[in-house]
Protein chains: 2
Amino acid sequence: MASDEFDIIRRHFNRPELAFAVPSVSLAIGDDCALLQPSPGCELAVSTDMLVEGVHFLPDCDPFQLGQRTLLVNLSDLAAMGARPLCFTLALSLPGSDAAWLTRFTAGLARVAGEHHCPLVGGDLTASAPPLAGRSGPLCLCVQVHGEVPAGTALRRSGARVGDAICVTGTLGDAAAGLRILRDGAWPTLPTPLRESLQQAFHAPQSRVAAGMALRGLASAAMDLSDGLASDLGHILQASGVGARVDVDALPLSEALCAAVAPQERLALALGGGDDYELCFTVAPQHLSVVQERLAALGTRVCQIGQITPGSTLQWWREGRELALKLRGYNHFHREGESA
Amino acid sequence: MASDEFDIIRRHFNRPELAFAVPSVSLAIGDDCALLQPSPGCELAVSTDMLVEGVHFLPDCDPFQLGQRTLLVNLSDLAAMGARPLCFTLALSLPGSDAAWLTRFTAGLARVAGEHHCPLVGGDLTASAPPLAGRSGPLCLCVQVHGEVPAGTALRRSGARVGDAICVTGTLGDAAAGLRILRDGAWPTLPTPLRESLQQAFHAPQSRVAAGMALRGLASAAMDLSDGLASDLGHILQASGVGARVDVDALPLSEALCAAVAPQERLALALGGGDDYELCFTVAPQHLSVVQERLAALGTRVCQIGQITPGSTLQWWREGRELALKLRGYNHFHREGESA
């Protein structure tokens, strides 16, 4: 069922469930630009993420889950700044115009958009079947999210200080394990509920937007975990000019991960697996109990995993001794797996 | 020469020529989000465009020209709203990490960014060679531009009124002819300077940012021409609830286009060819002379091509008689060429 791009936009994207009106958006889909009006005294936080078929998601993945995930991983960047979501734009390069696929994909987007009061306000739709030359390209999605945060209160990566506690929300490694199940059929004997909870961690990562906003004025630095703690924590250390000591036995691991994965492999998934989209933040010791209370009130698990140290190295400790771990996060231009 | 993504960002993108500091950006590359501070009393204009190899540009195109074009076509959306550029983000899915290619590509971006005081403030870099499944994808670029415009003064598509003059900047059809030369080797006997001027219209469309800003408070509606006048003018008519009568003999055609192309084919390129990135706008008759003066002062050619009429139809006229033209702009999901 071929449609033209304006039909597709009208039927699938410019719908009240997805492109709903909000006060901070004065002009949305249908013009050359969208027009936003951030609240007075606020800064605008913007972030973009591209998801490519075969790189960030499997070619046969469920379009509803892809729609959810596409927006969730972008909202995670707003969460990491403590910003409140305002709206998003979406550029898609589509291999075709499959109405059933688009219906499910936009339903997944709309579920997350509605939950976060973050409407679609514009975008760009192209066919990846190339009229100029070559073969058809993969499905490619690019979201840009816009949020706002009172000026001066955004959680940056650069504020960690020696002595600060290092904390993470949720549990680590589940999404990486879920991807192994989806892609490789790993751990076939794992009971179905545990299997599904790991897969779900990949498909629909927890949104930490409320947690990020609750950390304003308390956390000294924050970021979201997309490439794996081993790689991502390094960015906070580098931006802040500090080191860290992490107790690997304190890493929060889920029941499902522990049931599925042998102890040594757990560490590789939790530290190097990526796709967690949990927050990693630092907080001065005197603020730690307030942080714990605020996140508990949101139902968000939080766990101290280490401490900021002088110097610039990231050390992994277990039972009072340093571990010699060689861990890397996902790197797009190396294609190395994790190794522990 | 493999590099990791952070190396590539540092070496090629986070450079002072491209990611320079401006007062309205309080945090740029290197955190989870960029932070913007639009001027008080301004609305933020945002637009996104995805460019896919084989769809929007030829696989063997010059990376410097691609860099220029990638940003220019996005700035064109700001121009169409009368917005002043603030900054942009860039998401790329790259087949590899070719340093020479990246150097030329970012030099093209930087030329346009510098000219428009519009720095790169963030983005996302992924490898399109897929670790999960399938074959390597095409190069895919997604830019989002941010601009600002005093609240209430943005040029929308919806303000055209019966009796308004319809105007376009520059000349039409050159980029479409340039693409025919680049792709098909069309018009091989055309003198080199004319040939090059048509190709250049495709590679580096004129930026109409200053013209767009000059039209604030004067134009009743505006948009930029990306799919061809026949398709794009329809959007203004639909958004404004009006019709139009266009005099095809008044269409501004370049000397190069007239030298290359037979009269009947000229019309197809000028009306349905796309990629012009000129502004099409409407203006009440009493403001027309001021518009002409302001654009002349900027060195921007402007031409009245018709008038807004009651009703909802778009009529093409020549020598006092209506022409029966069947024209379509580029449609991503039909793959029809232009026909006249």
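What follows goes through confidence, domain layout and a few individual residues of the structure above. This is a predicted model, in which local features need pLDDT of at least 70 and side-chain atom pairs count only at pLDDT 80 or more, while totals for chains, interfaces and linings use all residues. Residues are numbered from 1 along each chain as its sequence is written, with chains lettered from A and ligands numbered from 1 in the order in which they are written.

On confidence, the model comes with ipTM 0.88 and pTM 0.89. The average pLDDT (the predictor's confidence in each residue, from 0 to 100) is 89 for chain A, and 91% of its residues score at least 70. One stretch of chain A, residues 334-340, stays under 50, and the model has 18 contacts beyond four places in sequence for it; a contact here means two C-beta atoms, placed from the backbone, within 7 Å. Where pLDDT is low, the predicted coordinates should not be read in detail.

Chain A splits into domain 1 (5-150) and domain 2 (165-323), with bounds that come from an automatic or database domain assignment. Taken over C-alpha atoms, the centres of these two domains of chain A are 27 Å apart. Across the boundary, 17 residues of domain 1 of chain A are in contact with 18 residues of domain 2 of chain A. On the domain 1 side, the elements giving two or more residues are helix 2 (63-81) and strand 4 (84-94) of chain A; helices (H or I, at least four residues) and strands (E, at least two) are DSSP runs, numbered from the N terminus. Helix 2 of chain A gives the most to that side, with twelve residues.

Over in chain B, two non-glycine residues have positive phi. For B:W187, phi is near 50 degrees, and the residue lies in the loop between helix 4 (174-184) and helix 5 (192-203) of chain B. B:D275 has a phi of about 70 degrees and belongs to the loop between helix 9 (263-272) and strand 10 (279-283) of chain B. Burial is a matter of counting other C-beta atoms, placed from the backbone, within 10 Å of a residue's own: 20 or more is buried, 12 or fewer exposed, and in between partly exposed. B:W187 is partly exposed because its count is 17, whereas B:D275 is buried because its count is 22.

B:V145 sits in strand 6 (residues 140-150) of chain B. With 25 other C-beta atoms within 10 Å, B:V145 is buried. Beyond four places in sequence, its contacts include B:S47, B:L78 and B:F88.
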